[in-house]
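I opened my notebook beside the model and started looking things up. Here is what I wrote down, entry by entry.

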Amino acid sequence: MIYNEEFETLPREVLEALQLKRLKQVVQRVYHTVGFYRRAFDEAGVQPDDIKTLDDLKKFPFTTKQDLRDNYPFGLFAVPMSSIVRLHASSGTTGRSTVVGYTKRDIDTWSELMARCFVAAGLTKNDMLHNAYGYGLFTGGLGAHYGAERLGASVIPISGGNTKRQIMILQDFGPTAICCTPSYALNLAEQGKEMGIDMKALKLRVGIFGAEPWSEKMRTEIENVLGIKALNIYGLSEIMGPGVAMECLEGRNGMHVFEDHFLVETIDPTTGAVLPPGEEGELVFTTITKEAFPLVRFRTRDISRLMTEPCRCGRTLYRMDRVMGRSDDMLIIRGVNVFPSQIEAVLMGIKGLEPHYQIIVDRIGNLDTLEVQVEVSEQLFENADEVKVLQNTERRIVKDIKDYLGVSAKVKLVEPKSLQRFEGKVSRVQDRRHI
Ligand code: ADP
Ligand code: ZN
């Protein structure tokens, strides 16, 4: 099903003509209304008129998170505060959070794009959505809320936290869809089990999960414990919030980017060179319809790749692959690049382990050390009088991490439910090297 049949299935050449028209407008507008852009373009020796084709965008300078921080809180807004109807801020996962603003029309666009996401997940106005994304400054809660309302679905604005109560609501209200972070979905499943509830017997049919990296194996795990289909949604507050890209139920492989509102590029994070589709690099977005807070070539630090192959759902919008991590999450362990999501993929391939883990990086002398702590399943734990079983599992993890990722790790198996749980975004890595 497609929410906006016309715009989600435009022939590529029509879409690109529309993108070019919108790009020209936004570049003109930021040059004339935002001091930062005027200076940045002048310094780079480019003028708004230099945009003759979409390809000319690459002549323009990047906008970085640092630029946003330097202009904290409102310095990059392109409209006066009287036109702003909402403010949000990023979660601040990797530093001081950035503040974003929306005009009435921006909220309207965002609601539509979130409605598109829900329809891509198979939702209609007959569905009930359990929205466990946090409400507040974080964009997740309200973003999803407005989208679901736009669609006409019934929203339960449960927000994050109070997990036991969430389980009761899931049972009593019988929502058919849920959205939250993938780690929180597992958290809910675990809590439900503890309360003796058959989570698969709930009415839930589909989950829309995002806001943090997760692996394909994690998807299978969530689908199994909750008895639902799990779909990936991507977004970031700087560009809009959730709903920048969304997987479709038909494809379930890569997220369609709403390219009538955002231009997406992948770049080599070191050189800044634009990469051809299919190659893995850092995602860079340009907003082409946003009024309050337009961004030109914003470097997300998220690592992914673009997929241009047609999708069976009929959308002509290109897809982005699941984000394997942020460039600033990438651990360099004795010269080897490792993403937490790669460690997750290894762990989830081994029986008897739970999808709850922590990565601890340290430096002893001049040597980086990597420690992985992972919970074992109740079953394995109860049979653990056979110390051998645990030892074998530990050895297997060490070996797989070495074989697949090329680094040596120390592995520590821990009791079920002993690692910290999170209600919003998980924090998997403790890097003690900076302390
Ligand atoms: P912060 O950067 O402070 O976490 P946001 O709350 O705006 O701010 O979160 C946006 C970030 O969340 C993205 O840049 C990306 O790193 C991550 N993210 C969002 N959706 C996904 C997803 N589906 N998969 C992986 N990472 C995601
Ligand atoms: Zn599709």
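The model is predicted, so local features need pLDDT of at least 70 and side-chain atom pairs count only at pLDDT 80 or more, while totals for chains, interfaces and linings use all residues. Residues are numbered from 1 along each chain as its sequence is written, chains are lettered from A and ligands numbered from 1 in the order in which they are written, and side-chain values use heavy atoms, with hydrogens and water left out.

**Salt bridges**

I searched the whole structure and got 29 salt bridges. One of them pairs the side chains of E8 and R315, at 2.9 Å from N to O. E8 sits in helix α1 (residues 5-8) and R315 in the loop between β13 (306-307) and β14 (319-320), so this pair ties together parts 307 residues apart in sequence. My helices (H or I, at least four residues) and strands (E, at least two) are DSSP runs, numbered from the N terminus.

Are these two buried or exposed? I call a residue buried under 20% relative accessible area, exposed over 50% and partly exposed in between (1.4 Å probe, protein chains only). E8 is buried at 0%, and R315 is buried at 4%.

Next I looked at D400, which forms a salt bridge with R396, the closest N and O atoms being 3.1 Å apart. Both lie in helix α12 (residues 387-405), four residues apart, about one turn of the helix. D400 counts as buried at 9%, whereas R396 is partly exposed at 40%. I also noted a network: salt bridges that share partners join E8, E112, R116, D260 and R315.

R433 has a salt bridge with D431, with 2.9 Å between the closest N and O atoms. D431 is partly exposed, at 22% relative accessibility.

**Helix α5**

I checked the length of α5 (residues 104-120). At 1.5 Å a residue its 17 residues should span 24 Å, and the end C-alpha atoms are 25 Å apart, which agrees. The expected span here is 1.5 Å times one less than the number of residues. Of those 17 residues, 14 are buried, so α5 is largely enclosed by the rest of the structure. Just after α5, G122 takes a positive phi of about 90 degrees.

**Strands**

L129 has V155 as its bridge partner in β4 and A177 in β5.

β3, helix α6 (residues 139-151) and β4 make a right-handed β-α-β unit. Right-handed means that, with the strands pointing away from the viewer, the path from the first strand over the helix to the second runs clockwise.

Elsewhere, four strands form an open antiparallel sheet in the order β10-β11-β12-β15. Its edge strands are β10 (262-267) and β15 (325-326), each pairing on one side only. Six bridges join β10 to β11 (residues 281-287), and I267 has E282 as its partner in β11.

Technical notes. Two strands pair if DSSP finds at least two bridges between them. A salt bridge is a side-chain nitrogen of Lys or Arg within 4 Å of a carboxyl oxygen of Asp or Glu.
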